[in-house]
Amino acid sequence: MAAITGQQFLDRLRQNPPTLYIEGERVEDPTTHPATRNMAHSLAGLYDLQHDPQWREKLTYEENGQRYPMSLLVPRTKEDLARIGEAHRIRANYSLGFLGRAPDYMNANVMAAGAGAEYFGRCSASVPGSEKRDFAANMRRYFEYVREHDLCLTHALTNPQVNRAKLASELPDPYIALGVVEEREEGIIVRGARMMATLPIADELLIFPSTVLKENADKSRYAMGFAIPTNTPGLSFQCREPFDIGRDPEDHPLGSRFDEQDAFVIFDDVLVPWERVFLLYDVELANRAYAATSAVLHMAYQVVNLKVAKTEAFLGTAQSIVNAIGSGGFQHVQSKVAEIIITLEIMRALEVAAREGATLNEYGVMTPARGPLDAARNYYPGVYARLPELLQLLGASGIIMMPSKADREGPLGPQISRYLQAANASAEDRLRLFRLAWDMSMSSFGGRQALYEKFFFGDPVRMHSALYEVYDKEPAVERVRAFLQRSEKPEEVTV
């Protein structure tokens with residue numbers, strides 16, 4: 001099958017719908033339900049890009065006579081990484097960067113894990129050569145399965161927020177957090193919940209080890225890695241309140257198209273077949289899985305390219321507002337747009353640095369440099385809140401006084417056209433633009449984006465702490481030490 005079309009995606013979603021609950025009701029068909037159909041068709045459009053003559057060569061690659069998504073290419077050279085990065089940006093541009101969990105994000109994870117499958121074979125519960133319990137072989141086969149079927153994946157990483165001061169095993173119910181209940185001949189039984197599955201209208205759910213598993217024992221029921229279809233018996237997704245509320249795309253240009261939904265996942269004694277298990281019980285192996293396979297770096301590379309596209313959208317929207325209302329001659333306006341430019345160029349530079357500093361990992365995969373990616377993962381969450389604020393400052397009351405499409409077509413349409421025109425845009429064009437700025441910065445969709453960006457890769461304080469721990473600071477310390485120990489007079493120093 002390889003790279004699928006949008007219709008194939010919709011057909012698959014209709015035939016095998018995930019067990020979704022929204023507003024107290026089961027979603028029988030995600031392709032037609034009011035809260036999910038627009039997102040489903042937007043995803044279909046993303047898959048169709050793979051077959052568009054303009055983008056086919058950039059979004060897919062050929063191997064053994066088949067075409068596969070570029071995001072599943074195992075990069076062996078820096079040129080491969082550049083091709084993958086360009087594909088990430090093209091896909092991100094489709095949603096102006098506001099689709100945070102497009103399929104290429106999880107593809108980066110599965111690609112790196114599949115290429116580094118040997119890592120999972122080190123698990124003590126793995127049985128090399130076994131048809132079912134050879135975890136390295138399972139991971140390798142799963143990568144091929146995802147690639148051959150061009151699957152859409154979601155994942156869930158963290159435990160429910162019950163009591164952060166307690167270990168999962170110390171909670172009133174040891175199966176509030178997802179844990180292994182028992183082993184059976186056909187697989188493992190798991191029970192509990194995980195947060196947070198974004199884009200639950202997916203083919204499969206990937207449960208990978210949490211990077212912050214804090215259990216004291218070497219072996220833990222909470223250390224696991226597996227993948228199962230989203231319609232597996234006993235598996236349910238409880239979604240949040242939808243942000244797509246059925247409005248016309250002209251009124252809600254982002255929320256009506258790209259509400260990817262968020263859900264917490266409930267496992268009611270779910271059977272995971274052995275051939276779908278990749279890791280079990282090993283806490284140390286679980287905590288190092290993302291780093292040791294370089295999956296975290298390939299995922300971060302996708303994210304940096306996504307954020308470049310998103311920041312370009314903020315710049316384009318901001319300057320379009322300035323152009324429309326003729327405010328470009330004011331220095332305070334220029335200063336605000338310049339802030340966006342600086343953020344954009346920093347993110348572009350970090351992407352280039354990550355790509356150009358790439359090296360082969362132990363599995364022969366060309367892996368982006370960690371330093372620039374860690375910088376981007378810590379920088380963007382801190383600066384993002386300023387981007388919506390800048391749109392608000394540039395648009396001011398214009399982002400509030402926005403009659404709807406129905407208003408423009410109603411009795412006061414002629415007056416709206418007269419009084420809400422802009423210096424360089426008709427009222428209709430101005431209102432379309434300001435509606436976009438509102439959906440980016442002030443709507444419920446925009447508010448969710450702001451929170452999402454703050455915690456995309458985890459708690460900001462923990463992220464800073466992790467950066468402090470892993471970053472090699474010694475060369476800089478040594479340089480200062482050498483400077484302080486120098487005894488030469490200025491005229492005796494040679495450079």
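Colleague: At what angle do helix α4 and α8 pack, and how far apart are their axes?

Modeller: The model is a predicted one. In it, α4 (residues 78-93) packs on α8 at an angle of about 45°, and the two axes are 8 Å apart.

Colleague: Why is this pair called oblique?

Modeller: An angle under 35 degrees would count as roughly parallel, and 65 to 115 as roughly perpendicular. The value for α4 and α8 is about 45°, so the two helices are oblique to each other. Their crossing is right-handed.

Colleague: Which residues make the contact between α4 and α8?

Modeller: From α4 the contact takes L81, A82, G85, H88, R89, A92 and N93. From α8 it takes H298, Y301, Q302, N305, L306, V308, A309 and E312. Sorted by class, these are seven nonpolar, six polar and two charged residues.

Colleague: What makes A309 count as buried?

Modeller: A residue is buried when its relative accessible area is under 20%. A309 has 3% relative accessibility and therefore counts as buried. A309 belongs to helix α8, which spans residues 295-325.

Colleague: Which residues does A309 touch, leaving aside those up to four places away in sequence?

Modeller: They are R89, A92, N93 and L96. As for L394, 85 residues from A309 along the chain, the C-alpha atoms of the two are separated by 20 Å.

Colleague: Which residues of α5 and α6 make the contact?

Modeller: N107, V110, M111, A113 and G114 come from α5, and M139, R140, Y142, F143 and V146 from α6. Seven of these contact residues are nonpolar, two are polar and one is charged.

Colleague: I now come to the sheets. In what order do the strands of the four-stranded sheet lie?

Modeller: The order is β5-β8-β9-β12, in an open sheet with mixed pairing.

Colleague: Why are β5 and β12 said to stand at the edges?

Modeller: β5 (153-155) and β12 (277-282) each have a single partner strand, so one side of each is left without a neighbour in the sheet. From one strand to the next, the twist averages 25°. Helix α5 (residues 103-115) packs on this sheet and touches β5 and β8, its direction making about 80° with that of β5.

Colleague: How do you know that β8 and β9 pair?

Modeller: Pairing asks for at least two bridges between the strands. β8 (residues 204-207) and β9 (residues 219-229) have four, in the antiparallel sense. L205 is bridged to I228 of β9, and L206 stands opposite A227. β9 is also joined to β12 by four bridges, again antiparallel; there, F226 has V277 as its bridge partner.

Colleague: What makes β9 a mostly covered strand?

Modeller: Of its eleven residues, eight are buried, the cut-off being under 20% relative accessible area.

Colleague: How many strands form the other open sheet, and in what order?

Modeller: Six strands form it, in the order β2-β1-β10-β11-β7-β6, with mixed pairing. β2 (25-27) and β6 (179-183) are its edge strands, each pairing on one side only. The twist here averages 20° from one strand to the next.

Colleague: Finally, what do β3 and β4 form, and how many residues lie between them?

Modeller: They form a hairpin with two residues between the strands, and N64 in the turn has a positive phi of about 55°. β3 (residues 60-63) and β4 (residues 66-69) run antiparallel and are joined by four bridges. Y61 stands opposite Y68 of β4.

Note on methods. Residues are numbered from 1 along each chain as its sequence is written. This is a predicted model: local features need pLDDT of at least 70, side-chain atom pairs count only at pLDDT 80 or more; totals for chains, interfaces and linings use all residues. Side-chain values use heavy atoms; hydrogens and water are left out. Axes are lines fitted to C-alpha atoms, for helices over the stretch in contact, and angles run from 0 to 180 degrees between N-to-C directions. Contact means heavy atoms within 4.5 Å. Ala, Val, Leu, Ile, Met, Phe, Trp, Tyr, Cys and Pro count as nonpolar, Asp, Glu, Lys and Arg as charged, and the others, Gly among them, as polar. Buried means under 20% relative accessible area, exposed over 50%, partly exposed in between (1.4 Å probe, protein chains only). Angles under 35 degrees count as roughly parallel, over 145 as roughly antiparallel, 65 to 115 as roughly perpendicular and the rest as oblique. A crossing is left-handed if the near helix is turned anticlockwise from the far one by less than a right angle, and right-handed if clockwise.
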